[in-house]
Amino acid sequence: MSIFGENLQEIMNSRKLSGNELAKIAGVSQMAISRLNRSEPTFKTAVRIADALQLSLDYLAGKEVEPIFIPPKEWEINFYDNLVSFLETQNIPKRHLCYALNYSTACFTLWKNGALPLFSTLIEISNYLDCSIDKLIGRTN
């Protein structure tokens, strides 16, 4: 089971939520919830689950030991703009991130055009930049 799946199962058990109930609340399929026993979620599935449970992605990804509550708010996923803005505040050129993580610079073009990274890529980037996943994608300030 993935770390995300393990942490999610723990939260579901503590809140007495079934996979079907969580799927409805999060607006994802029951199959997407079931798959989390075997693999990492997609970017959108992870965000929808975290939003529905009002939890940090960092906790669900295993970067935090204790659950972190994130109150609901209206926000829009704009990964590329958030990443570029974060890199600029840290004075890190995009090419340095690509070099350090062995990514092609074409990733930035894909992200700029609306593609979303794998959830594992989010974890790698947030670890490299020493920031929370939630901050990196704009769920928190």
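In this predicted model, Thr45 is in contact with Val28 and Ala32, once its neighbours within four places in sequence are left aside. Thr45 belongs to helix H4, which spans residues 43-53. With a relative accessibility of 13%, Thr45 counts as buried, because the cut-off for that class is under 20%.

The largest nonpolar core holds 45 residues, and Ile49 is listed with Leu83 and Ile125 as having the most contacts inside it. Not counting residues up to four places away in sequence, Ile49 touches Phe4, Leu8, Leu22, Ala26, Ile33, Leu36 and Leu60.

Helix H2 (residues 19-26) packs against H4 at an angle of about 95°, and the two axes lie 9 Å apart. H2 is therefore roughly perpendicular to H4.

Most residues other than glycine have a negative phi. Lys16, however, has a positive phi near 55°; Lys16 sits in the loop between helix H1 (3-14) and H2 and is exposed, with a relative accessible area of 72%. Gln54 likewise has a positive phi near 55°. Gln54 is found in the loop between H4 and helix H5 (57-61), and at 25% relative accessibility it counts as partly exposed.

Methods
Residues numbered from 1 in each chain as written. Predicted model: local features only at pLDDT ≥ 70, side-chain atom pairs only at ≥ 80, totals over all residues. Heavy atoms only, no water. Helix = DSSP H or I, 4+ residues; strand = E, 2+ residues; numbered from the N terminus. Buried < 20%, exposed > 50% of the residue type's maximum accessible area, 1.4 Å probe, protein only. Contact = heavy atoms within 4.5 Å. Core = buried A, V, L, I, M, F, W, Y, C linked by side-chain atoms within 4.5 Å. Axes fitted to C-alpha atoms, helices over the stretch in contact; angles between N-to-C directions. Parallel < 35°, antiparallel > 145°, perpendicular 65-115°, else oblique.
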